[in-house]
Each structure stands twice: as C-alpha cells, then as structure tokens.
Amino acid sequence: MKFQRRTLLASAAALAFAAALPMSAMAQKKIVLGFSQIGAESEWRTANTESIKSASKEAGIELKFADAQQKQENQIKAIRSFIAQKVDVIAFSPVVETGFEQVLREAKAAKIPVILTDRAVNVKDDSLYVTFMGSDFIEEGKRAGNWLVEKMKGTPGDVNIVELQGTVGSAPAIDRKKGFEEVIKADPRFKIIRSQTGDFTRAKGKEVMEAFLKAEGKKINVLYAHNDDMAIGAIQAIEEAGMKPGKDIIIVSIDAVKGAFEAMMAGKLNVTVECSPLLGPQLMQAVKDLKAGKALPKRIVTQESIFPMEVAAAEFPKRKY
Ligand code: GZL
C-alpha cells in the first residue's frame, strides 16, 4: 500500500509540474520538416542539399531528409513515410513533373502542407501544394539562347547545335529546351541537329557527346547543355576527339557551379546561366511562416544572373556554390 501511495504522489507531482510549464516551453515544440531530395546527381544538387541541411540547423527546425537516388518511387515512399510520421510540413524537389497527384492527395488528407522547391509538378489541382519556390527555367533557356544569338552575330553560315537535355520529364529539361528554342527559332541559321538526355550527370553527358561527335564530328558548332555537369563531361569527350572546347565548339550551359567557373577560366566553357541551389534559408522561412499561419505566395521565383567566360575570374572568389 505504502509503495502505491508514493507512486501516486510522484505522478501527481509530475503532472502538476508539466501543467505549470510556461506555454512558451510547451509551444516551443520543434517544427518537423520532411524533405525528399532527388539525389546527388550533380554539383548543383549537392550544393542544394547542403543549403537545406545547414539552413534547417540555423532555423532550429528538425529535418527528416531522404535521398531518392533520382527515382520517383523513392520520393513517393519518402513522402508516405513523412505522412505516417505526422511531420508538420513536407517539402520536396520532384524529379519529374507528373505522377505525384496521388501521394499529394494523401498529404492533403492528412492535413500536412507541401512546399515544392527547385522543380514544379504538373497537377490539375494546385491546392495540392502551398507554394513552389525555384528558378524560372524557361527564362534560363531564353538567356542561354539570347547569349548565343548575340555571340554568333557576324559569324556567317549555319549554326549547328547539339543539345544535352536534362532528366527526361523533369521541369528544368522541358522548360530550358522550350525557352532556348523560343529564342533561336527567330533565325533559321540556328539548327539543333542532335538532342538527347544526359540525365544531368557528367558521365552520361560525356557518353552522349561522344556519340554526337562520332555522328556529326566537325559539323558541330555549338553545344547547349541543360546543366554544367553534362557540359563538363562533354568537354572531356571533345578534348578526347582532338577538338578544342570553347573554341572549335562553343559551349553554353546552365547552373553556374564552381566546376563551370573553373572550365571558363581554362577557356573551355563560354558561358553559364545561373540557377541558384541556395534555397535552404528561403525554404525554412516559408516553413516557419506556414506554421505561424501566414499566407504564402503560390510562386516564389529565385533571382538569377548569367556569367560569360570573360567575367569568370573576377566572379569566382565571390561564388557561394
Ligand atoms: C535546377 C535543378 C537541376 C540542375 C541540375 O533547378 O533541378 O537539377 O540544373 C540538377 O544540375 O541536377
């Protein structure tokens, strides 16, 4: 009997203590964010992951991070697991635009808000996500196209372009192609003679460029790569074919990662259009705003620039990724 009384007294004291906790201590429960990342396919992605991890620490947000190795089924599995764990917010960078409706409906049914970062999804019901923060890929393609048109002014004859596309079905691959073609279609001199996916990786970019060189050889005047990693892989293939990248073949790329600046300083890459991966701080602010009940704009566009090789050496020390 004595033992039971003592236990009862102890639990009553514990309850009294918890009830006396100031609201702020209780309300300080950490926000939990579930993030499904595409993978680690490029320098850009690695910098994006670093930005998200460091910003979550800075913001005091508990991050549950899942790497999908560039497979959509792994992203869907990760989102389902976040729902089961009842996280406060889910964020992800969709590897491709389609095929996420069902799992987004499950998140909505579980009343867990979803933030899209970096890439968009193609859904009829845009209430399935709160906001999409990331670059305007059509604008990036246009910037690449406009730079090339400017560059080739005064160069007579056809401009034969080979194109290394990003991941098939992904928003950046679809829109960078769209924006670039919108610009060059104004001048029939510009022809895309070969176009194939290099899946945003250096290895695949090199492999596909080798095939382009075998098929078209010295007919190629320009390479348009949807990201720097594929351009860097292609540079190796061009050199192995005995040609000079940046001179025999003009190379236009996107991302503006460190590797691109190094290639430009070596005279092997002509220009890179910036696509910032540093979305971490913006994402954490959006998560906090969401939990504080603030409304978020449906679209948050990252501001970006373009870097031709002439400015690479001056800009390189200032680069953050
Ligand atoms: C663009 C991002 C793309 C990068 C690639 O925002 O989704 O994916 O351009 C990365 O380097 O793999």
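**Helix packing and cores**

Tutor: Start with helix α8 (residues 202–216) and helix α9 (residues 228–240), whose axes come within 7 Å and cross at roughly 45°. Keep in mind that this is a predicted model.

Student: Which residues of α8 and α9 make the contact?

Tutor: From α8, they are Arg202, Gly205, Lys206, Met209, Glu210 and Leu213. From α9, they are Asp229, Met230, Ile232, Gly233, Ala234, Gln236, Ala237, Ile238 and Glu240. By class, that gives 7 nonpolar, 3 polar and 5 charged residues.

Student: What is the handedness of the crossing where α8 passes α9?

Tutor: The crossing is right-handed.

Student: What makes α4 roughly parallel to α5?

Tutor: Helix α4 (residues 72–84) and helix α5 (residues 101–109) pack at about 10°. The cut-off for roughly parallel is under 35 degrees. The angle is within it, so α4 counts as roughly parallel to α5. Their axes are 10 Å apart.

Student: Which residues of α4 and α5 make the contact?

Tutor: Ile76, Ile79, Arg80 and Ile83 come from α4. Gln102, Val103, Glu106 and Ala107 come from α5. The classes are 5 nonpolar, 1 polar and 2 charged.

Student: Which residues touch the most other members in the largest nonpolar core?

Tutor: That core has 50 residues, and Leu148, Ile161, Met209, Leu223, Ile249 and Val252 touch the most other members. Helix α9 gives the most to this core, with 6 residues. Another core, of 22 residues, lies apart from it, with Ile79, Ile83, Ile90 and Val121 among them.

Student: What does Val252 touch, leaving out residues up to four places away in sequence?

Tutor: Val252 touches Ala144, Trp147, Leu148, Val222, Leu223, Tyr224, Ala225 and Val271.

Student: How many helices and strands does the protein have?

Tutor: There are 12 helices and 12 strands. Buried residues make up 50% of the 321 residues. The C-alpha atoms fill a box of roughly 100 × 40 × 30 Å along the principal axes.

Definitions and conventions. Residues numbered from 1 in each chain as written. Predicted model: local features only at pLDDT ≥ 70, side-chain atom pairs only at ≥ 80, totals over all residues. Heavy atoms only, no water. Axes fitted to C-alpha atoms, helices over the stretch in contact; angles between N-to-C directions. Helix = DSSP H or I, 4+ residues; strand = E, 2+ residues; numbered from the N terminus. Left-handed = near helix turned anticlockwise from the far one by under 90°. Contact = heavy atoms within 4.5 Å. Nonpolar A, V, L, I, M, F, W, Y, C, P; charged D, E, K, R; others polar. Core = buried A, V, L, I, M, F, W, Y, C linked by side-chain atoms within 4.5 Å. Buried < 20%, exposed > 50% of the residue type's maximum accessible area, 1.4 Å probe, protein only. Parallel < 35°, antiparallel > 145°, perpendicular 65-115°, else oblique.
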